[in-house]
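Hello,

Here is the structure I promised to pass on.

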Amino acid sequence: MNSQKTPRLRYNREVKAFKSHLSALPRYPYQHADAKVKLDQNESPYELPAELKARALEKLAGLPWNRYPELHAEKLREALAEHLGWDKDALVAAPGSNLLIQSLVYAANQVLDTSPSFPYYAVSARLANAPYRAFPLRRTREGFELPLEDLLAAMDSPPGVLFLPSPHAPTGMLVPGALIHALAQKALETGWLLVLDEAYHQFSGTDYRPLAASNPQVALLRTFSKAFGLGGIRAGYLLAPSKETANVIQNMVPPFVLPAHTAAILETVLEAPAYAERYASEIQKERERVYAKLREHPSWRVFPSSSNFLLIKTPDAEAAYLSLLKAGVLVRRQDQYPLLEGCIRASIGSTQDNNLFLDAAFNLEASHA
Ligand SMILES: *Cc1c(COP(=O)(O)O)cnc(C)c1O
């Protein structure tokens, strides 16, 4: 065999070239599995409309692949600015909003978060070795509540960045507008930057552009990965409240970072973006249907959601995950997070996917009984 050609890796060696805090970091908590019904990443079950996809492919074919893309995706930012009514110079585009999260964390004096929350805020803070604090949500009878008093008190320390998914992830809860306005007001008084991560806003019908446009301490993070059905394309953007804020974050991302093909696809999509609203309203309808059905489940407890996924408390997350997988349905375990013992998360898929999920969920119960 050719084992001789493969150099032997030396394990258990300390990597002295890197900052020491980096060596003990766990890998990102995602494990791939194959399944007929994929409900583990809150993706859109719908592909781009065929006509738009064909138009995008044509545009791709006409691009000079030997040439670098624009420095900061100027044309795309212009199209986005036009589409959203935002200042192009206060808008930063990147291949995925995760990169913008990382950039915001690297720029921040300190990071504030809720717990549980979108894991990449905490992961980024650990990478950056940034001071980081997360306040646990409170359990209520119906679901969860933001720890408003804790967050407000923490904002009396030197200003940094507060991340808040709105609607919240991974709980799916709608964050009450009054709380967001209270945090925004505190940010205005203290110099904190409140970053509302609106990854799922199309599914809740909320849109905090008016707030970010009137408060220089509120920024919005958005993605094409969910409602727009472009998870594979990798694109997100920051709507900054000022050019100064945008400039700092723009400097944090490398030059020419948005690939020409990504920009071309997004520019095409922005010529006819209305499909995303149709998709989102289909998902909302399906979410209410699946939610109502799951409320009748004998041993699961489903939390109210304003998003494109449902958080569900089961008697045993591992058992639920494995039984669903055996039935061909892939969901995401959430039981590693505080407050979420027994919890799994299931994306809302197509009607057919959702029916298979519901069948599996109720049969699983029958097979246990
Ligand atoms: C899915 C998701 C994102 C999107 O990240 P991308 O890198 O743009 O795909 C951001 N924030 C939250 C809360 C999400 O769930």
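In these notes, Ala, Val, Leu, Ile, Met, Phe, Trp, Tyr, Cys and Pro count as nonpolar, Asp, Glu, Lys and Arg as charged, and the others, Gly among them, as polar. This is a predicted model, in which local features need pLDDT of at least 70 and side-chain atom pairs pLDDT 80 or more, while totals for chains, interfaces and linings use all residues. Residues are numbered from 1 along each chain as its sequence is written, and side-chain values use heavy atoms, leaving out hydrogens and water.

First, the ligand. The residues around it (a heavy atom within 4 Å) include Phe-118, Asp-197, Thr-223 and Arg-234. By class, this shell has three nonpolar, five polar and three charged residues.

- the side chain of Tyr-200, at 2.5 Å;
- a polar side-chain atom of Ser-225, at 2.7 Å;
- a backbone N or O atom of Asn-98, at 3.0 Å.

Taken alone, the ligand exposes 390 Å², and the protein buries 93% of that (Shrake-Rupley method, 1.4 Å probe).

A cavity is a set of points on a 1 Å grid over the protein atoms alone where a 1.4 Å probe fits but cannot get out; lining residues have an atom within 4 Å of a point. The lining of the largest cavity has eight nonpolar, two polar and one charged residues, among them Glu-70, His-72 and Phe-256. The second largest cavity is lined by residues including Glu-43, Lys-226 and Tyr-279, with six nonpolar, two polar and two charged in its lining.

Best wishes

Technical notes: A polar contact is a pair of N or O atoms within 3.5 Å; within protein, one must be able to donate a hydrogen and the other to accept it, and residues adjacent in sequence count only if both atoms are side-chain atoms. On a 1 Å grid over the protein atoms alone, a cavity is a set of points where a 1.4 Å probe fits but cannot get out, and a pocket is an open set with protein on both sides within 12 Å along at least five of seven lines; lining residues have an atom within 4 Å of a point.
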